[in-house]
Amino acid sequence: MHTNEGKWKISDEIVGSRCRLFKNGRSCKGRYSCVRRVQALCIPAIHLHMTAATMQVSQQDFEKAQEQLKLLKKDPGNEVKLKLYALFKQATEGPCNSPKPGMLDFVKKAKWDAWNSLGNLSQDNAKQKYTELVSSLVSAESSSQVKDAAPEESRHDGYETIIVTTKNNITKIMFNRPERKNAISHKMYREIIKALEEAAKNDSTIAVITGNGEYYCSGNDLNNFTNAEAGETEKMAKNGAVLLKEFVAHFIDFPKPLIAVVNGPAIGISVTLLGLCDIVYASDTATFHTPFSQLGQSPEGCSSYLFPKIMGLAKANEMLLFNKKLTAAEACAQGLVTEVFPDRTFQKEVWARLKAYASLPKNSLAVSKQLLRGLEKEKLHAVNNQECEVLKERWLSDECLNAIVSFFQKKSKL
Ligand SMILES: CCCCC/C=C/CC(=O)SCCNC(=O)CCNC(=O)[C@H](O)C(C)(C)COP(=O)(O)OP(=O)(O)OC[C@H]1O[C@@H](n2cnc3c(N)ncnc32)[C@H](O)[C@@H]1OP(=O)(O)O
C-alpha cells in the first residue's frame, strides 16, 4: 500500500505524479484554507456505472490502468482523485476497516469517507471500476487534444462579397472584392448589415472591419448609380438613401467594440465610417480620401458631425469640402486614426494586439462602449437621417451624374 496517510497526498502509484490530492503534499494551514479544501473535497458517494459488471478485469489491466493514469497531462481534479483513491484501496485492501479520522483532519476524513462509501464492493468490482474510470479519463483527454488541434477559425456561411470569420473571440468582416478595390456594391452593403447583426449577437468580444488585398476600400461602387433602368433614377436615389441609412445605423448601434484595420487606401464611405469605429489601426500605406464635392455628392456616415468633433472644423473642412487626401500619419495626427504601423509588420502587430483586447471581459467592454457612445446615439441617428436626405437629392443632380459618367469614361480617377 502506498498511501502516505500522514501527509495530504495520494500515492503517486495510485494516481500518477501529477495527480496529488494537494500540490506538494502540503498540509492544511489556517482556517480559511481548511474551509476551501473541505469544499473541494465535498464529494458525493461514489456510484460508478457498472457498464461491464459481469466482465472481470485482469490484474494486468488493473496495473496497466495505474500506468496510464501517470501519463495523464491534465489534473483530473480532487473529486476524481478521491474516487480513484477509494477504488484503489478497495481493490487492493478490501472494505474500509480503519478507524474514522477526527472531524478536523479534513483530508484524511475525505479519503476515509470516499473509501468507506464503497461499502462491501468486491475487490474485483473495485478493480473494474478503477480501470473504467482511468479509461474514461484517458479518452476524454485524447478527444480534447483532437479538438485543440482543430483549426480555430470558423468561416460564416452565406456571404459573397465579404469574408466573415470568427477566431479568438474576434469576428472579422473583410471586404472581399479586391479586383474592384473593394468597392461597396448594393449586395455588399446588405451583407455587411447582416454580418454586423450576426457579430452583435454571437459570442465574440470585438468585431473588426478590414479589406482583402492592396486596398482597404474604394468607397461606394459607382455602378450602384448606373444600374437603374431608364426613368427610374428617382426610385434608385430613394432606395439608395433607405439602404444607406440602414447601413450607417448598424454602425451607430453596434454594441461591441468595433475596430477598423485599414490595410491600404480608403475612399469615401469607408473613411467616413471610421468615425463610428472605436479604434482605427492603419498601415503606413493607407490614405484617407473623401472626394465628395469632386463627385458632386455630400458627406455621409455621420462625418458631417463627427469629423469636426474629431479633428476640428478647419481640418474637417479640408477633407469634406475640398477633397484633401490624408496620409496615415496625417490622419493619426488629426485623431481619425488611433495608431499607424509599418506595412511590413502591420498584420502581425495589430492582430496580436486585437487578440489581447478580445480576451478582456466581454460584458465590461460592451457596457463601457455604451457609456462612451450611448449619449450620442440619438444625435447620430438624426445626423444620419439628414445626410441621407441631402444625398438623395445630390444623386439626382447633374454635378453627380457628370462625375459618374466621367469616371466610367476613364477621364476622372481620384
Ligand atoms: C447605397 C448607396 C450608398 C452610397 C453611399 C455613398 C458613398 C460615397 C462614396 O463612397 S464616394 C467614393 C466613391 N469612390 C470613388 O469615386 C473611387 C473610384 N475609383 C477610382 O478612382 C480608382 O478606381 C481608384 C483610385 C480607386 C483605383 O485606381 P487604379 O488605377 O489603381 O485602379 P482601377 O481604377 O483600374 O481599379 C480597378 C477596377 O476597379 C474598379 N473600381 C475601383 N473603385 C471603384 C468604385 N468605387 N466603383 C466602381 N468601380 C470601381 C475600376 O473601375 C476598375 O475596373 P475595370 O478593371 O473594369 O476598369
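**Exercise 1. Determine how helix 7 and helix 8 are oriented to each other.**

Solution. Helix 7 and helix 8 are roughly parallel to each other, a label for angles under 35 degrees, whereas angles over 145 count as roughly antiparallel, 65 to 115 as roughly perpendicular and the rest as oblique. The model is predicted: local features need pLDDT of at least 70, side-chain atom pairs count only at pLDDT 80 or more, and totals for chains, interfaces and linings use all residues. Residues are numbered from 1 along each chain as its sequence is written.

Step 1. Helices (H or I, at least four residues) and strands (E, at least two) are DSSP runs, numbered from the N terminus. Helix 7 covers residues 186-201, and helix 8 covers residues 233-253.

Step 2. The axes of the two helices come within 10 Å and cross at roughly 30 degrees. Axes are lines fitted to C-alpha atoms, for helices over the stretch in contact, and angles run from 0 to 180 degrees between N-to-C directions.

Step 3. The crossing of helix 7 and helix 8 is left-handed, that is, the near helix is turned anticlockwise from the far one by less than a right angle; clockwise would be right-handed.

Step 4. Residues in contact have C-beta atoms, placed from the backbone, within 7 Å. From helix 7, His-186, Tyr-189, Ile-192, Ile-193 and Leu-196 meet Leu-243, Glu-246, Phe-247 and His-250 of helix 8. By class, this contact has 6 nonpolar, 2 polar and 1 charged residues. Here Ala, Val, Leu, Ile, Met, Phe, Trp, Tyr, Cys and Pro count as nonpolar, Asp, Glu, Lys and Arg as charged, and the others, Gly among them, as polar.

**Exercise 2. Describe the packing of helix 10 and helix 11.**

Solution. Step 1. Helix 10 (residues 303-311) and helix 11 (residues 313-320) have axes 7 Å apart and pack at an angle of about 135 degrees. The two helices are therefore oblique to each other.

Step 2. Their crossing is right-handed.

Step 3. In helix 10, Ser-303, Ser-304, Phe-307, Pro-308 and Met-311 meet Leu-313, Lys-315, Ala-316, Met-319 and Leu-320 in helix 11. These residues divide into 7 nonpolar, 2 polar and 1 charged.

**Exercise 3. State the strand order of the open sheet of 7 strands and identify the helices that pack on this sheet.**

Solution. Step 1. The order is 1-2-3-4-5-7-10, with mixed pairing; two strands pair if DSSP finds at least two bridges between them. Strand 1 (154-155) and strand 10 (339-341) are the edge strands, each pairing on one side only.

Step 2. Strand 5 (residues 258-262) and strand 7 (residues 279-283) run parallel and are joined by 4 bridges. Ile-259 has Ile-279 in strand 7 as its bridge partner.

Step 3. Helix 7 packs on the sheet and touches strand 2 (162-167), strand 3 (170-175) and strand 4 (206-211), its direction making about 15 degrees with that of strand 2. Helix 13 (residues 343-357) lies across strand 3, strand 4, strand 5, strand 7 and strand 10, and runs at about 130 degrees to strand 10.

**Exercise 4. Characterise the shell around the ligand.**

Solution. Step 1. Of the 23 residues around the ligand, Ala-183, Ser-218, Gly-219, Asn-220 and Gly-268 come nearest; a residue is near a molecule or strand if its C-beta atom, placed from the backbone, lies within 6 Å of it.

Step 2. By class, the shell has 10 nonpolar, 8 polar and 5 charged residues.

Step 3. Helix 8 supplies the largest share of the shell, 3 residues.

Methods: Contact = placed C-beta atoms within 7 Å.
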